[in-house]
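Here is a short briefing on one model. Topics follow in groups.

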Amino acid sequence: MTPLRLGYLYGIGAYLLWGFFPLYFKLLRPTGPLEILAHRIVWSVLFVALLLGALRNIGFLRALLRRRRTVAGIVAASALIAINWGIYIYGVSSNRVVETALGYFINPLVVVLLGVTVLRERLRPAQWVALGIGASAVAVLAVDYGRLPWLALSLAFSFAGYGLIKKQLGLPAAEGLFVESAVLALPALGYLAWLHRHGGLTFGHVSAGHTALLVLAGAATAIPLLLFAGAANRLPLTGLGMIQYLAPILQLACGVLIFHEPMPPARLAGFALVWLALVVFTADAIRQARQSRQSRSTPRLPSPVPTP
């Protein structure tokens, strides 16, 4: 199997798993969002620690802890991913799967916005058009909801910020996830201990299957991230960008078709504007990638020899 085909298999696998996350989190009822988040963190640490131990790759921690700026970046990334996970779990638990899907649809547009505001990047005209359509979509959805779609915006901005920090840190997937989860493990364990002391812990008190699903939350978190890392190392950015919409499409389908969440005409119009913005954004990215490949493949003519 070619590396490119393997990359697509890894990427599709990752986004399929992320797309069906609402079904998984619904199975964890009656556990509350914060307890699910705490279990997700704790079991992620253990799962990735076992994986790194099997790969004999624990020694990277010593070198990492000497890099103070990297450690500070990891703490910031940990806070953002904890916020993102917590908001997503809350959205699924409160029957707002459609709004969580919206967050991941607009995430690429927020990434571009951060590129302008944080990294001072210059946008192409088509990217400005996509951002303008995206802003119009948020306005339409705010009118429909009677408020800003804060849950979707929080998901999009927290994940975009997390991606920005991760890009600057450049840590491998497994090692990065282990350190991020380890930073959050102590508060997560403290919260679980507090719940246990006050009689609110559901772990081990519902059923054996429910307990097993909470334990498996660590693997469910780590496996798609590792698959995504395998895809990112093998696919061009345009290929990876095209399949990233698979997850929110599946999440939207879960919300509307399985959980029967409402999709009134005004909300559908807002989503249609988001999809139009993504079409403009993706078409521009594909065109830019083709031009880049053509410029690299065009042979350069030798410089003319100056005449005396």
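**Pocket, backbone and salt bridges**

The second largest pocket is lined by Ile106, Leu109, Val110, Leu113, Ala130, Leu131, Gly134, Ala135, Val138, Leu153 and Phe157. A pocket here is an open set of points on a 1 Å grid over the protein atoms alone, with protein on both sides within 12 Å along at least five of seven lines, and lining residues have an atom within 4 Å of a point. This is a predicted model: local features need pLDDT of at least 70, side-chain atom pairs count only at pLDDT 80 or more, and totals for chains, interfaces and linings use all residues. Residues are numbered from 1 along each chain as its sequence is written, and side-chain values use heavy atoms, with hydrogens and water left out.

**Second largest pocket**

- The space in this pocket is about 190 Å³, a volume being the space filled by probe spheres set on grid points that are joined across faces, edges and corners.
- Helices α6 (97-117), α7 (125-145) and α8 (150-169) each supply at least two lining residues.
- Helix α7 gives the largest share of the lining, 5 residues.
- Helices are DSSP runs (H or I, at least four residues), numbered from the N terminus.

**Backbone exceptions**

- Most residues other than glycine have a negative phi, and most peptide bonds are trans.
- Arg29 and Pro30 are joined by a cis peptide bond, with omega about 15°.
- Pro30 sits in the loop between α2 (21-26) and α3 (33-54).
- Asn95 has a positive phi, near 60°, and is not a glycine.
- Asn95 lies in the loop between α5 (68-93) and α6, and is partly exposed at 44% relative accessible area.
- His260 also is not a glycine, yet its phi is positive at about 55°.
- The loop between α13 (246-258) and α14 (265-297) holds His260, which is exposed at 62% relative accessible area.
- Buried means under 20% relative accessible area, exposed over 50%, and partly exposed in between (1.4 Å probe, protein chains only).

**Salt bridges**

- The structure holds 5 salt bridges, each defined as a side-chain nitrogen of Lys or Arg within 4 Å of a carboxyl oxygen of Asp or Glu.
- Arg267 pairs with Asp144, with the closest N and O atoms 2.6 Å apart.
- This pair links distant parts of the chain: Arg267 is in α14 and Asp144 in α7, 123 residues apart.
- Both Arg267 and Asp144 are buried.
- Arg96 bridges to Glu99 at 3.3 Å between the closest N and O atoms, and both residues are buried.
- Asp284 and Arg287 form a salt bridge, their closest N and O atoms 2.8 Å apart.
- Asp284 and Arg287 are separated by about one helical turn because they are 3 residues apart in helix α14.
- Asp284 is buried, at 3% relative accessible area, whereas Arg287 is partly exposed at 40%.
- Salt bridges with shared partners join Arg96, Glu99 and Arg147 into one network.

- Helix α11 (residues 217-232) has 16 residues and should span 22 Å at 1.5 Å a residue; its end C-alpha atoms are 23 Å apart, which agrees.
- The expected span is 1.5 Å times one less than the number of residues.
- Buried residues in α11 include Ala217, Gly218, Pro224 and Ala231.
- Leu235 is in the loop between α11 and α12 (237-243), and is buried at 9% relative accessible area.

How values were computed
On a 1 Å grid over the protein atoms alone, a cavity is a set of points where a 1.4 Å probe fits but cannot get out, and a pocket is an open set with protein on both sides within 12 Å along at least five of seven lines; lining residues have an atom within 4 Å of a point.
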